[in-house]
Amino acid sequence: MRIIFVLFYCAVCLSAVASEDREFTVSGLEKSAEIIVDEWGVPHIYAGTHYDAFFVQGFNAARDRLWQIDTWRRRGLGQLAEVFGEQYVAQDRAARRLLYRGDMYREWLAYGSDAKRIAEAFTAGINAYIALIAQQPELMPPEFDLMNYTPARWDASDTVRIRSHGISQNVGSEVLRARILCLADKELASTWQLLEPDRDLVVPDGLDPCDIPANVLDEFSLGRRSVSFDDVSLAAAETVVRDRLEGSNNWVVAPARTSTGRPVLADDPHRQQRVPSLRYIAHLVAPGMDVIGAGEPGLPGISIGHNDRIAFGLTVFYIDQSDLYIYDTKDGKYRYGESWLDFDVAVETIAVRGGDAETVTLKFTRHGPVVFENDEHAFAIRLAFLEPGMAPYFGSVEYMRASNWREFVAALNRWGSPSENQVYADVDGNIGYKPAGLFPNRPNWDGLLPVPGDGRYEWAGFHDMDVLPEEYNPARGFTGTANSMNLPADYPIEQYKVGFDWVEPWRYDRLWAVLSNQSEHSLTDSTVLQRDYFSQLALDAVAQIPASIDGPSATMLRDWDGVLSTDSGAGALFMVWWERHLKPALMLTLLPEEPDTLIGIHDRTVIQQVAKQENHDLVQKTLETAWRDTRELLGPNSDLWAWGSIHHTVFEHPLLNHADDALAEQMKLSPYARGGSGFTVNATSHYSSSLRVDHGASYRQVIDVGNWDASTMTNAPGQSGDPRSPFYDNLLEGWATEQDFPLLYTREAILEHKAFTITLHPQQTSP
């Protein structure tokens, strides 16, 4: 019945979107290929040659996500103003600072011997679909007509030169920590975000923290932000907040501890929730390859999923991959050692729709792009993601084709960005864990603060991947990660200074506690754990409320079980108190001159402050104001309060406010109540005091290793980016109500749930 509904809806209402079997002839394909789209919108690509699979992947990505990937490409290359106008010139200029500008020969080889050929095939597939639109304009996604421009053709180098979607790791923390040092003291700078492993904060020789302007990273943040069509302004603290919210959970359980006798692998990467979804599920079948899972829609390959032998899933592992350098400047030069050096300069032209092209000048030092200048100093960032082989997620084209642990770890030696925790399982019953990422060697400092750019603080190359921890078939029978500090107790941190800025351990501790107590872990157990709303943070915080404080807020919280379910009244009160009253009040108390500098303050630090005698009045007052605030938000009857009434997700198309009524109606997506928060395993983070969910696990997978068709997934709001498609929001309700969907793998199962097939034939060339 479901498939019949889809076909009827599309045939009658969405004639421009393929929803029935179709055939196309395209240039660039070697052999005929087919795309079987299942009833959940997942494309299963069957290609006649290895590289045809990537061609068809590119063609299909354009079919479902063309406006998204075209916008991603323009944003990354700094070409937004060409189609959207002069208000995007500043963002284009900022993005161009973050392009890879090195040698392309070394760049391609860094990913693997055939990386260039894969990228060429993928982008040829995108271009083939763009050419098809010229012949069949009804296939054009409506956003292009709405904004009155056409999609651009791709070059293979576009997939790797764009780096601005990478995670910068701790440069934002460096800046805020320096500002705290300037305005307060070392104790607050050390405890604002707790350092792990424990470490004394050392101010580098030659650094005056007060030389760091509060807005030093505004240009850098502008170059990395997504495209906004309603507000092109920038929040100064966006960098540090963004990089800390982009987390994930993953785990893998060995056969001896599962109910199936096979490994179970789960992964739910957390990123900003967008329309369309950041990730796209695809299945690539070709000679020598049969891999399924999620990847970035604008990149070839699969970064999270499985092939016919192994399964894999990632979370961010916080290697410190960036540093802010400060230079003395004079007469247009910067000081390095005893010399005054000229900036490297790139003069570029930015095309502007409806106006004259603008010429911009980009400056670079020996360390990287200059992101800020004043009368006395210049500031540049050294970014690992600007090194060869560091295009975010592109390295998956190597490990997704591995067939065993040895090949998988060998492929991870090429992985550069973002630095990741990878969990692994195979059909022989083996499980493993290995972090990977380009690891700078800082011989004489620890990366926690900006440093002078005069030559005293240089990276001494990079550490080999074998200095990072590794587990293979651990005796405990499981392993997993959640972005927190997970280095072994005996790790030689002074020799290999991985980093000291990590996400707090709430999610990590919870998933390890659950897995430790499950001797027969099932697929359902993994699904339930991914949706877990228990908050140890909340219980720890409530336990620190002084016994002398009473009143309705304290009573309600003390009687609570710490589960941030959608229907929890105490959960609503706690989050209103914690996010809208307690933390802002503490930030103002601790740093009255610039309280927003403490954004991202660790919850463990806040808990410590709650317990302090000098803060008892503040705790009582904020509890009282939180009670009044919650009454205003949810009504006077506390028995009817529910966390999900104020904590909900609103997936919104970027052009919703610019569409006419008919298109806007297709673009609109329903809001859904959500439980949890950023510190629950089921992560539902919010950037502002509005408590609106804007980060979390839009994609999830639970893999039954070896019995592949039993695996499940979710991807919100849907697979397609085209508002006319039935797959635009088909997964949203199930995702929001904690359901999952099949991740089908065998051709037999796929055909049982086929929605439609697209057959591609190669264009015949004249002899």
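Here is the tour, with a few ground rules before the stops.

This is a predicted model, where local features need pLDDT of at least 70 and side-chain atom pairs count only at pLDDT 80 or more, while totals for chains, interfaces and linings use all residues. Residues are numbered from 1 along each chain as its sequence is written, and side-chain values use heavy atoms, with hydrogens and water left out.

**Stop 1: arginine 674.** Select arginine 674, in the loop between β26 (672-673) and β27 (684-685). Helices (H or I, at least four residues) and strands (E, at least two) are DSSP runs, numbered from the N terminus. Is arginine 674 buried or exposed? Its relative accessibility is 1%, so arginine 674 counts as buried; buried means under 20% relative accessible area, exposed over 50%, and partly exposed in between (1.4 Å probe, protein chains only).

Now show its side chain. It reaches the backbone oxygen of alanine 736 at 3.0 Å, and a polar contact of 3.0 Å joins it to the side chain of glutamate 738. A polar contact is a pair of N or O atoms within 3.5 Å; within protein, one must be able to donate a hydrogen and the other to accept it, and residues adjacent in sequence count only if both atoms are side-chain atoms.

**Stop 2: glutamate 738.** Hop across to glutamate 738, in the loop between α23 (732-736) and β31 (741-742). This residue is partly exposed, with a relative accessible area of 22%. Its phi is positive, about 65 degrees, although glutamate 738 is not a glycine. Most residues other than glycine have a negative phi.

**Stop 3: asparagine 483.** Next, pick asparagine 483 in the loop between β24 and α15. Here too phi is positive, near 75 degrees. Asparagine 483 counts as buried, at 0% relative accessibility.

**Stop 4: proline 297.** Select proline 297, in the loop between β8 (289-295) and β9 (304-306). Proline 297 is buried, at 8% relative accessible area. What does proline 297 touch? Leaving aside residues up to four places away in sequence, its contacts (heavy atoms within 4.5 Å) include Ala61, Gln68, Phe122 and Tyr280.

**Stop 5: two cis bonds.** Finish with the peptide bond joining glutamate 196 and proline 197, which is cis with omega about -15 degrees. The bond from valine 275 to proline 276 is cis as well, with omega near -5 degrees.
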